[in-house]
Amino acid sequence: MRSTAFLAVALAIGAPGADALLRFSCSELVTERLDPLVFPGSAQSPHLHQIVGGNSFNITMDHNRHDIAQESTCTTCEFSEDFSNYWTATLFFRARNGTFKRVAQRPNVFFDGARGGGMSVYYTPPFDGTKVTAFQPGFRMIVGNPFIRNETAANKYRQLTFTCLDSLDTRTGETKSMPNRICKEGIMANVRFPTCWDGKNLDSEDHSSHVAYPASGTFESGGPCPATHPVKIPQLFYEVIWDTRPFNDKNIWPEDGSQPFVWSYGDFTGYGTHGDYVFGWKGDALQRAMNANCDTCNGVLQRQSIAQANQCTQKQKVAENIDGWLTELPGAMPITGPQPGTGSGTTPTNPTNPTNPGNGGGGCTVAKWGQCGGNGYSGCTTCASGSTCRKQNDWYSQCL
Ligand SMILES: *[C@@H]1O[C@H](CO)[C@@H](O)[C@H](O)[C@H]1NC(C)=O
Ligand SMILES: *[C@@H]1O[C@H](CO)[C@@H](O)[C@H](O)[C@H]1NC(C)=O
Ligand SMILES: *[C@@H]1O[C@H](CO)[C@@H](O)[C@H](O)[C@H]1NC(C)=O
């Protein structure tokens, strides 16, 4: 992809050019089960998130009442006028005995010392120099969908990918699903948001339909915005590096050889990857930076060191154990979709891997991969006594 090629060059020479981009580190603010976009007012939300940015992040962030730049007193990001919040799901390792361990994050190239690993955030104006409209106060959006479990559905989101890091500089070989081999230095989740806006709505019911991808081509190739979403917005892009190094041993991976990492929303495939954004730059700081087309933006933006950014933290609003070996994912999140087998079953029922009998998860009387019926799959419809087959969404159900 052109963006990654460009990035590799930019990183290699470290020099600002005509194609400037803002790239900065944001340390961890808090890792907790809150989601003020999809589940405002709800403590807690179904799955665990890692959150960076301004410290006004809260259970509810109603844009009519919650002035992020005003209510925040610090931010975990290097640009100290950026009180936005950025978050993604978190990753877990599932051991052969079925218990889970949270995978830590690690800092990206040039961002050593970022507390909790955090993430790298990019805002890129169009490469052809056309005018870009920065996000407005109250703007928020989500890209991706945690319920997706196959590539066809995931292709709707063109640029949500993973990079298997053979070195921290690896920027090639992006995949739509989780890497299925050992990634020596970790797994990088790449979350690129749509770059066209309807110009009117700060949010939408699904938090996605007020933005769109270019009508043809990509942001990187200068594709035009569709008539429904004519306003070019910066490309917002997260890179999150999951430190899989403690688990890079095939002897502790599933016996069927598949990869052992599962997302906090119950997904081994990675197709459900998603990112959330709540705009919170102070005043017109982001627009100024986009207009200046600057990289480091000295004299344009105020900056703090990573050490200073690390001082900004929040406590979990509802304390919950997310570390240690857990017997279930936080919030008892069920795992849906294809998942590794442990060899405990007798009937080959996993349609994506017919020789893999699955783990019999959830107490089904027929061993399989956690499902008890549902669209396109009928391997197990009977649950062990004490559990019932419950519909999780339109295409998966599970014995719970
Ligand atoms: C979160 O919201 C609650 C209730 O409105 C408020 O009391 C609290 O101060 C807020 N916390 C932060 C960090 O803004
Ligand atoms: C499960 O496996 C992990 C990793 O090998 C180990 O650390 C943990 O103690 C095991 N838990 C139980 C209950 O056996
Ligand atoms: C892929 O998932 C979607 C739901 O996201 C479902 O409607 C569709 O049938 C699935 N396709 C295949 C080939 O399994």
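**Close-up views of a predicted model**

**View 1. Arg-288 and Glu-81 form a salt bridge, with their closest N and O atoms 3.4 Å apart.** Arg-288 sits in helix 4 (residues 285-292), and Glu-81 sits in the loop between helix 2 (68-71) and strand 4 (85-89), so the pair ties together parts that are 207 residues apart in sequence. Helices (H or I, at least four residues) and strands (E, at least two) are DSSP runs, numbered from the N terminus. A salt bridge here is a side-chain nitrogen of Lys or Arg within 4 Å of a carboxyl oxygen of Asp or Glu. Side chains of opposite charge can pair when their charged atoms come close. Arg-288 is partly exposed, at 31% relative accessible area. Glu-81 is buried, at 9%. Buried means under 20% relative accessible area, exposed over 50%, and partly exposed in between (1.4 Å probe, protein chains only).

This is a predicted model: local features need pLDDT of at least 70, side-chain atom pairs count only at pLDDT 80 or more, and totals for chains, interfaces and linings use all residues. Residues are numbered from 1 along each chain as its sequence is written, chains are lettered from A and ligands numbered from 1 in the order in which they are written, and side-chain values use heavy atoms, leaving out hydrogens and water.

**View 2. Glu-185 and Arg-106 form a salt bridge, with their closest N and O atoms 2.8 Å apart.** Glu-185 lies in the loop between strand 9 (160-165) and strand 10 (186-192), while Arg-106 lies in the loop between strand 6 (100-102) and strand 7 (119-124), so the pair ties together parts that are 79 residues apart in sequence. Both Glu-185 and Arg-106 are buried.

**View 3. Asp-128 meets Lys-232 in a salt bridge of 4.0 Å, N to O.** Asp-128 is in the loop between strand 7 and strand 8 (140-144), and Lys-232 is in strand 13 (residues 231-232), so the pair ties together parts that are 104 residues apart in sequence. Asp-128 is partly exposed at 48%. Lys-232 is partly exposed at 21%.

**View 4. Trp-281 is among the residues with the most contacts inside the largest nonpolar core.** That core has 57 residues. A nonpolar core is a set of buried Ala, Val, Leu, Ile, Met, Phe, Trp, Tyr and Cys residues joined through side-chain atoms within 4.5 Å. Trp-281 touches residues including Leu-22, Phe-24, Phe-83 and Tyr-123, not counting residues up to four places away in sequence. Contact means heavy atoms within 4.5 Å. Apart from this core lies another, of 14 residues, among them Leu-29 and Met-61.

**View 5. Gln-339 and Arg-94 join their side chains in a polar contact of 2.9 Å.** A polar contact is a pair of N or O atoms within 3.5 Å; within protein, one must be able to donate a hydrogen and the other to accept it, and residues adjacent in sequence count only if both atoms are side-chain atoms. Gln-339 is found in the loop between helix 5 (306-310) and strand 17 (389-391). Gln-339 is buried, at 6% relative accessible area.

**View 6. Ligand 2 is surrounded by Ala-95, Asn-97, Thr-99 and Trp-325.** Each of these residues has a heavy atom within 4 Å of the ligand. A side-chain N or O atom of Asn-97 is 2.3 Å from an oxygen atom of ligand 2. For Trp-325, the distance is 3.3 Å.
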